[in-house]
Amino acid sequence: MVDYSKWDHIEVSDDEDDTHPNIDTPSLFRWRHQARVERMEEMKREKEKLESKITENKRQLDQLRKQLEQVDLSKKHELLKKLEDVEKEQKKLRKEEEDFHKKEKKAPKNVDTLSHEGFTKTIINNPKPEAKSELSEEEQAQKSQKFMDKHEKEIKHFGMLQDYNDSKEYLLRNPHLACDDTANYLALWCINLEVQEKHSLMERVAHQTIIMQYILELAKSIHADPKVTLNSFFTKIVRAKSEYPEYIQAFDDELESFKTRVKERAEARIEKAMKEAEE
């Protein structure tokens, strides 16, 4: 059996490219978010195209009906034929509209749609998010590492929680943890735990990682500071269990996808270490 003990104390630091707090960890989330955004944009374009066709069809119908009231009998037959074709097109468009609404309802809910479904109506006077830092990449990495080192105990405590209400209360007492550095630390911790074969603990921390990522993405989607979204997010996510089951399903899908990526990253790290040990 392979001895993994030499990786038991892998530190969450920026010493290796694989654990760079500003490069590696966001990649565990970014592609998934981008795919959602692209799907939403495609749905938006499809809806706009359909609405444009319906508007044009209505314009043609109105125009033909007015012409029928004014033309001579000799030209009426030709206009009636055109009207018949346009009315057939109208029926076709109505069917397309009905199908689109069905597809829209079935579309998976996710953090990018929360703000459009009443999830943020209880947030009043949203503070704006902090201005983007003008630090260099290296300076930002050092700042992130300093935050992780300073708040490691608090981040780990949050990572061990299992209940939504406990998570809410803890973050409300420690709102400074609602930031990218916390999400990054938790994601890196998940990889370390998987390398150490602490699978159950990894899954618990992964759940908390996705909670934090949802909070951050929700805040970005409504251009608010993550701290101000905490109360609303947890209130609504608890309600979602009974009122918005599709959101819980979306959350679970995100969680499973994240755990898969963590396992792949951990396997790659172990493989790399084994090759280096053989050299």
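**Note on charged pairs and nonpolar cores**

1. Because Glu84 and Lys88 stand four residues apart in helix α2, about one helical turn separates them. Helices here are DSSP runs (H or I, at least four residues), numbered from the N terminus. The two side chains form a salt bridge, with the closest N and O atoms 3.8 Å apart; the term denotes a side-chain nitrogen of Lys or Arg within 4 Å of a carboxyl oxygen of Asp or Glu. Glu84 is partly exposed at 40% relative accessibility, and Lys88 is exposed at 52%. For these classes, buried is under 20% relative accessible area, exposed is over 50%, and partly exposed lies in between (1.4 Å probe, protein chains only).

2. The model is predicted, so local features need pLDDT of at least 70 and side-chain atom pairs count only at pLDDT 80 or more, whereas totals for chains, interfaces and linings use all residues. Residues are numbered from 1 along each chain as its sequence is written, and side-chain values use heavy atoms, with hydrogens and water left out.

3. The whole structure contains 14 salt bridges. One of them joins Glu87 to Arg65, at 3.6 Å between the closest N and O atoms. This pair links distant parts of the chain, 22 residues apart: Glu87 lies in helix α2 (residues 73–106) and Arg65 in helix α1 (residues 27–70). In helix α8, Lys275 and Glu271 are four residues apart, about one helical turn, and meet in a salt bridge of 3.5 Å, N to O. Glu203, Glu256 and Lys259 form a network of salt bridges.

4. Glu194 is buried but has no salt bridge, and the nearest side chain of opposite charge, that of Lys263, is 5.5 Å away. In this count Lys and Arg are positive, Asp and Glu are negative, and His and the chain ends are left out. Beyond its neighbours within four places in sequence, Glu194 is in contact (heavy atoms within 4.5 Å) with His199, Met202, Val262, Lys263 and Ala266.

5. The largest nonpolar core has 41 residues, of which Phe158, Leu171, Ile211, Phe233 and Phe234 touch the most other members. Such a core is a set of buried Ala, Val, Leu, Ile, Met, Phe, Trp, Tyr and Cys residues joined through side-chain atoms within 4.5 Å. Helix α6 gives the most to this core, with ten residues. Apart from it lies another core of six residues, including Leu68 and Val86.

Technical notes: Helices (H or I, at least four residues) and strands (E, at least two) are DSSP runs, numbered from the N terminus.
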